[in-house]
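Hi there,

Here is the structure I promised to pass on to you.

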Amino acid sequence: MTDKPLSVREARAALAAQDEDRREAVVQELEALSSSEITDVLTWDEMGRVQVRASGQLSARARRAIKKVKITPSEEGNTIEVEMHDKLSALRLLAKHRGLLEPNSDDRRPSMIGINVKGPDVTTYEIVDQEESEE
């Protein structure tokens, strides 16, 4: 598998291919994307202080799940944005590949599954300078 993640179109084509090794590599890639968590890449504490893990500390799964890292300098310091690959698309492709989304007369398998993804709650804090508030 290359370091560059596959597009959805490339993943679908590889899953339909006859090459078993290639198909298994794509399944592993999709499983890594679908099992990734933002906490694999960054952490935050009760005060809302966020820390991004150093690239050397990231697991292979976390590195593959990152789509983009954007650093924007500002007067208050750097703003860091981490964008992950679409987990829901990876889950859909895996479910379809495993036959979970196809209608089947076998009543033991669901013909449709629902996937709900909920991100962490966002807390915003305002820091007030004590000197300004006393005046």
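The lining of the second largest pocket divides into 5 nonpolar residues, 3 polar and 1 charged. Here Ala, Val, Leu, Ile, Met, Phe, Trp, Tyr, Cys and Pro count as nonpolar, Asp, Glu, Lys and Arg as charged, and the others, Gly among them, as polar. This is a predicted model, where local features need pLDDT of at least 70 and side-chain atom pairs pLDDT 80 or more, while totals for chains, interfaces and linings use all residues. Residues are numbered from 1 along each chain as its sequence is written, and side-chain values use heavy atoms, leaving out hydrogens and water.

The residues around this second pocket are L42, V50, Q51, V52, N78, T79, I80, E81 and V82, and its space is about 280 Å³. A pocket is an open set of points on a 1 Å grid over the protein atoms alone, where a 1.4 Å probe fits, with protein on both sides within 12 Å along at least five of seven lines; lining residues have an atom within 4 Å of a point. Its volume is the space filled by probe spheres set on the points, which are joined across faces, edges and corners.

β4 gives the most to this lining, with 5 residues. Strands are DSSP runs (E, at least two residues), numbered from the N terminus.

β4 (residues 77-84) also pairs with β3 (residues 66-74), antiparallel over 8 bridges; pairing takes at least two DSSP bridges. A hairpin of 2 residues joins β3 to β4, and I66 stands opposite M84.

Happy exploring!

Key:
Helices (H or I, at least four residues) and strands (E, at least two) are DSSP runs, numbered from the N terminus.
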